[in-house]
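Visitor: Hi, could you walk me through this one? I'd like to begin where the chains meet.
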Amino acid sequence: MEENKSYPVILIGIVVLVFYLATYILSRAGLFRKVVHRKFWNILLLVSFSVCGVLGIFLTFQVNYKWKIPYLEEITELHVDFGISLFIIAFFHIFWHLNYFRKLIRAGFDSHESESSGEIVAARKPEKKYADLTSPRNFKPESHGVLFFLRKKFFYPVLILGFSTACVQIILLREFLSVFYGNEMIVGIILANWMLLCGLGAWLGRSSGRIKNKSSFLAVLHVLLAVLPVITLFLLAFLRNIIFPPGCMADLFQVWFFSFLLLFPFCIVSGLAFTVFSVMLSEKYSSDFISAVYSLEAAGSLIGGLLLNLCLIYFLKPFQDLYLLLLINFLASVFLCFKNQSKISRYIIPFSVLCALVYPFTDLDSVTKKLLYRDQEVTFSKDTPFGNLVVTRNGEQTNFFENGLLLFSSGNISSNEEAVHFAMVQHPAPEDVLLISGGISGMFAELFKYPVKRVDYVESNPWLVETAKKFVIQKIPEEVNLVSLDARMFVKSTDHSYDVVLINLPEPSTTGINRYYTNEFFLALKRVMKPGSILSTQLPSTVNYLSEEAKKINAVLYNTLNKNFLNVLIIPGETNHFLASDSALSPRVVEKLELKNIPSEYVRYYLIDEQIQERSEYIMENIKGYNIINKDFEPISSFLQFDYWMSQFRTNYWILIMVAALILGMIMLRFDSLSFGLFAGGFAGSSIEIVLVFGYQVIYGFVYQMLGILIAVFMAGLAAGSLWGNRLFPLASNRRFAFLLFVLAMAVLICPVALEFLNRGEQNIFLAHSVFFVILFLAGIITGTLFSVACCLRKGSIASASGVNYSADLVGAAIGAIVFAALLIPAKGIWFSCFFTVFFTLVVALINFVIGLKNKK
Amino acid sequence: MNKREFMKRAVSGSLVLALDKFPMAKEGFSQPAFSFNTGVDPLHIREASHYSETAKGVKCKLCPSECTPKPYQEGNCHTRFEKDGKMFTSGYGNPAIVSVDPPEKHHLFHFFPGEKLFTVGVAGCNLVCLNCNTWNLSQVSPEKTENQKILPEEIILKAKEQGCSTIAFSHTEPVVCFEYLLDTLKMAKGNNLKTVISSCGYIQEKPLRELAPFLDAAVIDIKSFDQAIYEKLNAGKLQPVLDGLKVFLELKVWLEISFLVIPTWNDYEGKMAEFCTWLSQGGFKDCPLHFTRFLPDHKLKNIQTTSAGTLEEFRKMALEKGMSYVYVDNLPGTGSVNTFCPKCNKMLIERKGIKILTNSLSAGACPGCKNKISGMWNN
């Protein structure tokens, strides 16, 4: 251990406490016996004690007898880590045996034997058998219509469960992204954690048949569903600058671990609630209600997602949204208490009322923002569909952050000058300029040093411009025509043509931003550019050194531009500026500025033409050899940008990937053909969702409300499918299950065909949107039906069927989200990705078909 | 074979294939991080100086980290590694960056203004700064970067060819390629060239004393004046750097000090006042002090740039604490890059950015009050 390195006391403490509370709650809930909970912690105590003790002995040998024990120094850290956990677990241990110690002090040693022997006897008592664990499952079709659900108030809490889960997922995901760097892999990791943990919760619930009073148990779960999101969101902000260095990006492993810990309580409770609801309702109405609960939960998610995305997000801050959810969940909890007349209502009702009354007086939104933006005065914060927008002040400087990343600071002369002058100076008389993003950071002052007559300034996030106007970073001149629209949409629709096009967007770190770096976009831009005009776009700087990862990403952009323009020039500065034109381009920007007598504070006095030229030639010489170009449906730049970003962390991720593969392999070993089918269904369902949302953005630009609607259409299909699937109960067979998988695979195959068709030329907008909606709705229906049929086919208790099916479905969706969105599409494009999913789904379908044939025989 | 067995075999087989396919995985498990067979020209490998053999293996004595790398493993700096009980360096004659710059680009304002530096930088660094703007060079060994082959004698030749009067080791940390640095400095002195390093100053006293006689100037970057921040932000220690500054002063190497002001990390007024007092009372009052603006980079992307107000305030504070020459760098539009006479306050060198607009120094003194201006001047 280095002299100044500190031991992770807080981290170990939090991990041990979270897991202790989890096993404690589960044991109290009756999912396993208290003695199992204690045994588990006794084993951990023994392990901690042994590791700590053995390493301590080794240390003694080394110090006393100068033994040379290899790697002892490294594992000494473990000695302390285990010592810390030993201390914490021993602390619980003391509490368990408090009575024993008390008696020991009061009455001497006699009581010891009787107490401990009593405990052993209790532990060996035969387990109580519960009827529903083995009972055959019934199905009454008349109790599965929509009207039936509407009449039965017991189903409303299930809707609330789906509603809360969807809303909390969106809110937490957005907040996680504003705390961490938001590329697709990070989104994938957080989503995968979410689904895996929900799956784990559902799986844990497979023993929920043992719970005596399920209604009371669910009332408690609803209280937890109300309170946990608030705690999670607060901890996210509170721990951000404690666990990670302030302002520092976290690597993939850290994001995975941190999000796993924070999401653990809520997701487990949410997954568990699904299974317990399935069991409780099935018992209550003596019918199999797993897929009905699945359907209702999906319907709740649909309502939640739509309400939040289309309405709440515009008016409320995250903690205000959570307050709304808190009230709804408290209501559900109180309802369950009243219906059941349970004793627990004595605690739940006053607690709920107290929380509901106190909460509005806490301004948690402001508190958390202050925690996140340390040493800055947070003057403005707003959640927009594009992400969280925060304005801070330090001294006279105003800073704009979007999703935690610094967009710009006032007075940043260098980046404004580079972005404007490198391109503008190349044109003999630039009059018409198209500026895509970044104008409000102070670029207009630089732009109007030229004889510019018109500037079309396109900013897709209208809130950004409004906020910038409020904080008067720069007055927008009259000549500027402000357009709040997706740049691709604008370029498609404008009749104007331009002398210079300046693109000031972030690097293509996501497939969403990649759309502005593709061959198709540059081709569209060329249509609105006058002969001899200049295009400028940018990538992270390689002014000092061109690494292997940077080479590839620079080469791809160079090739893509070069396919559309005769000349491409890279000028390295604070960012690498790519200039493209059919006219000649020169790297001697300082000389040109001086010749044109354009005043400048940065370019003319900080840069040297010879150095720019030398560096530019070096970069362009060294990127030769990579001949790939970036396309709309093969967004290789976003994959390479991810690779470049990863290279900062120098972590050997192959070990991590292999461990993840091993865990997944072990989970899959426990899968039967049905679980495999559900896994493939989840995977294919999430693939369809992702590829269509991605394709929609490529064709129609980023329209936040539309993304919400697209996902909602899928959820509606899911709800309808699982409800309708119930009707198939008497007809359910492995062969039909295989057939549904086959249909799902075909739906995946249709996606790239449809996208390629819609992306070619102008299609009827109604027809085009219908294609998206129909495919998504059908995919939802098939995925939902698949779940219902699997529930029918699954043998065993309601609890076990519900837990196992739901977890297999969620694990598939989780793996789909991470593999398809973050790896397959960026690295291989939509065709390969869809073929991969189709192949996988068909293989699983075939397995189920063969099993179906066997069963028939 | 049943399904379960098939799956087990498939998973284990895939893992074996994966391990075999990916070189990173191989590296992580079995292969040494460095070997002579990985494509490094033996020309760039030299036995290192400043290490000792201990019962535990070799121990590096170049910087305060005192790494004890395991066989075939690199030290923290990525350039020095152990093989057969000896320590070698892989950073000899293979800079990844070669450039010709004005001294101002490397925060040298009192060192032959208007002349040119022939600058080289070798991969590797003994600190791990969260904000490093050359992270793709500093955090890897020269084995993994694309380098040029320039031995010390070639540096001299190229510098002369390009009309440079000074050889500088900058862009990355020069200390970690100590042997290359020392040989080049010695050769430069023999060829009437001036020598400069721009460093974080994280070096032990003995190698520093060996290096200093061949050095004309050094720009030392102080990361903060707080041990805890030094450790969290840079994985280093403050005291050895401060001790090093005293050695430079004692051995009469011209010293300029730079300080990158990073919001929320090292921009606390109290600490800055303490630092300025320490400098002015410790004999460094005539060493130029440069406050530099931070721009988000590497892992510190979620942090704002340093405000002009903060930088100008620190400059004012440093002057009040007795520092004679205080500058604000990397802030376009500021007038705080000009050199003023500390006695009569006359502007002596007018700069804009890194370019000199006027220079009215006369024989290194103020033409008005004849006060001698500290530094190394050509007029």
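Guide: Happy to. Across the interface of chain B and chain A, 23 residue pairs are in polar contact, both residues being at pLDDT 80 or more. A polar contact here is a pair of N or O atoms within 3.5 Å; within protein, one must be able to donate a hydrogen and the other to accept it, and residues adjacent in sequence count only if both atoms are side-chain atoms. Keep in mind that this is a predicted model: local features need pLDDT of at least 70, side-chain atom pairs count only at pLDDT 80 or more, and totals for chains, interfaces and linings use all residues. Residues are numbered from 1 along each chain as its sequence is written, chains are lettered from A and ligands numbered from 1 in the order in which they are written, and side-chain values use heavy atoms, with hydrogens and water left out.

Visitor: How many salt bridges cross the interface?
Guide: The rule finds 2 between chain B and chain A; it asks for a side-chain nitrogen of Lys or Arg within 4 Å of a carboxyl oxygen of Asp or Glu. Glu146(B) and Lys551(A) form a salt bridge at 2.4 Å, N to O.

Visitor: And how many over all chains?
Guide: There are 31. Among them, Glu591(A) pairs with Arg588(A) at 3.1 Å, and Lys59(B) pairs with Glu66(B) at 3.6 Å. Asp432(A), Asp499(A) and Lys530(A) are joined in a network of salt bridges.

Visitor: Why is the pair Phe180(A) and Phe244(A) edge-to-face?
Guide: Because their planes stand at 90°, with the ring centres 5.6 Å apart. The two residues are 64 residues apart, in loops of chain A. Phe180(A) is buried at 1% relative accessible area, and Phe244(A) is buried at 6%. Buried means under 20% relative accessible area, exposed over 50%, partly exposed in between (1.4 Å probe, protein chains only).

Visitor: What about Tyr644(A) and Trp135(B)?
Guide: Those rings make a tilted pair, 5.5 Å centre to centre with 55° between the planes. This pair crosses between chains, from helix α25 of chain A to helix α3 of chain B. Helices are DSSP runs (H or I, at least four residues), numbered from the N terminus, and strands are E runs of at least two. Both Tyr644(A) and Trp135(B) are buried.

Visitor: One last stop: where does Asn514(A) sit?
Guide: Asn514(A) is in helix α19 of chain A and is buried, at 1% relative accessibility. Its side chain reaches the backbone nitrogen of Ser638(A) at 3.4 Å.

Technical notes:
Phe/Tyr/Trp six-rings, centres within 6.5 Å; stacked < 30°, edge-to-face > 60°.
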